[in-house]
Amino acid sequence: MENNIIIPKSSLDFLSKLKENNNKPWFENYKSEYLVELNHIETFAGALLKELSKTDVLENASGKKSVYRIYRDIRFSKDKTPFKTFWGGSYTRATAVRRGGYYFHLEKGNSFFAGGFWGPNAADLKRIRAEFAHDPETFQEILNSKSFVSNFGTLQGEQLKTAPKGFDVNHPAIDLLRFKQFLVIKRFTDEEVLSPLFLEQALDAFKNMRPFFDYMSEVLTTDINGASVL
């Protein structure tokens, strides 16, 4: 692993200045500074992609293409500020047999690495709930494992306030059945983000998502009897 890949303090500081001056004239004046910091983030994203690709198969072509644009889409938003005030990016798992995606968010005081299923479609949600209703124990073992708890705490995501249609509110797995999103999140302090060890820690966070991804991938590529649907 490349130990000399670090995120400099200036990359987070630039975001703080952008937050205070979120307008196009200011950004144009500091465009050269932005491009320097963007290069640091793209270099980090590329190094992380290279390491993650050793243990997973990803669609991403490069670190540069993994990083999100700084420009906000304000067409349908009440917030008309033109720029994002964080560095963000994602990696997509390749082929139909590998489900789920990796996401990173870097911002002073609010940095985290996440993974999972942000907006599962109706068919996927139905299949996941059928599996929980049939065999919740397998997934609960993953959620209760030492590595999951120490990295992510608990499963996160939006939940229904009551039982989903077709399920009993008293079902033993009702806590799982109510989920509409399935997310795992690991937060990092600014000190950790700026540390020379951060690349290794970020990679470790993503690697610890794999049991969760592998479980969901198997569920979403098989029927309730375990037969492949691909």
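Two strands are said to pair if DSSP finds at least two bridges between them. In this predicted model, strand E3 (residues 111-117) and strand E4 (residues 182-188) are joined by 7 bridges and run antiparallel. The protein holds 11 helices and 4 strands, and 46% of its 230 residues count as buried. This briefing begins with the whole chain, then turns to the strands, the pocket, the core and several individual residues.

**Overall form**

- Taken along the principal axes, the C-alpha atoms of the protein fill a box of roughly 60 × 45 × 30 Å.
- Among contacts between residues at least 6 apart in sequence, 67% join residues at least 24 apart.

**The strands around E3**

- On its other pairing, E3 meets strand E2 (residues 101-106) in the antiparallel sense, over 5 bridges.
- E2 and E3 form a hairpin with 4 residues between them, and Gly109 in the turn has a positive phi of about 80°.
- Strand E3 is mostly covered, with 7 of its 7 residues buried.
- Which residues of E3 are buried on each of its faces? Ser111, Phe113, Gly115 and Phe117 are buried on one side, and Phe112, Ala114 and Gly116 are buried on the other.

**The largest pocket**

- The volume of the largest pocket is about 340 Å³.
- Its lining consists of 15 residues, and those nearest the centre of the pocket are Tyr103, Ala114, Gly116, Trp118 and Leu183.
- Strand E1 (87-92), E2, E3 and E4 each supply at least two residues of this lining.
- Which strand gives the most to the lining of the largest pocket? E3 does, with 5 residues.

- The largest nonpolar core has 59 residues, of which Tyr91, Phe113, Phe139 and Phe182 touch the most other members.
- Helix H3 (residues 31-52) provides the largest share of this core, 9 residues.
- Not counting residues up to four places away in sequence, Phe139 touches Phe132, Leu155, Leu176, Phe212, Tyr215 and Met216.
- Helix H11 (residues 210-220) includes the buried residues Phe212, Phe213, Tyr215, Met216, Ser217, Val219 and Leu220.
- The buried residues of H11 pack against E2, E3, helix H5 (122-134), helix H6 (136-143) and E4.
- Pro211 also has its place in helix H11; Pro211 is partly exposed, because its relative accessible area is 40%.
- The C-alpha atoms of Pro211 and Phe148 are separated by 8.9 Å, and these residues lie 63 residues apart along the chain.

- Ser11 is placed in helix H1 (residues 9-20).
- Why does Ser11 count as buried? Ser11 counts as buried because its relative accessible area is 0%, and buried means under 20%.
- The side chain of Ser11 makes a polar contact of 2.7 Å with the side chain of Glu37.
- Leaving aside residues up to four places away in sequence, Ser11 touches Glu37, His40, Ile41 and Trp87.
- Asn151 is placed in helix H7 (residues 146-152).
- Asn151 has a relative accessible area of 12%, so Asn151 is buried.
- The side chains of Asn151 and Lys186 are joined by a polar contact of 2.9 Å.
- Leaving aside residues up to four places away in sequence, Asn151 touches Ile185, Lys186, Asp204, Ala205 and Asn208.

**A residue with positive phi**

- Most residues other than glycine have a negative phi.
- Thr95 is not a glycine, although it has a positive phi of about 70°.
- Where does Thr95 lie? Thr95 lies in the loop between E1 and E2.
- Thr95 counts as partly exposed because its relative accessibility is 46%.

How values were computed. Residues are numbered from 1 along each chain as its sequence is written. Side-chain values use heavy atoms; hydrogens and water are left out. Buried means under 20% relative accessible area, exposed over 50%, partly exposed in between (1.4 Å probe, protein chains only). A polar contact is a pair of N or O atoms within 3.5 Å; within protein, one must be able to donate a hydrogen and the other to accept it, and residues adjacent in sequence count only if both atoms are side-chain atoms. Contact means heavy atoms within 4.5 Å. A nonpolar core is a set of buried Ala, Val, Leu, Ile, Met, Phe, Trp, Tyr and Cys residues joined through side-chain atoms within 4.5 Å. On a 1 Å grid over the protein atoms alone, a cavity is a set of points where a 1.4 Å probe fits but cannot get out, and a pocket is an open set with protein on both sides within 12 Å along at least five of seven lines; lining residues have an atom within 4 Å of a point. Grid points are joined across faces, edges and corners, and a volume is the space filled by probe spheres set on the points.
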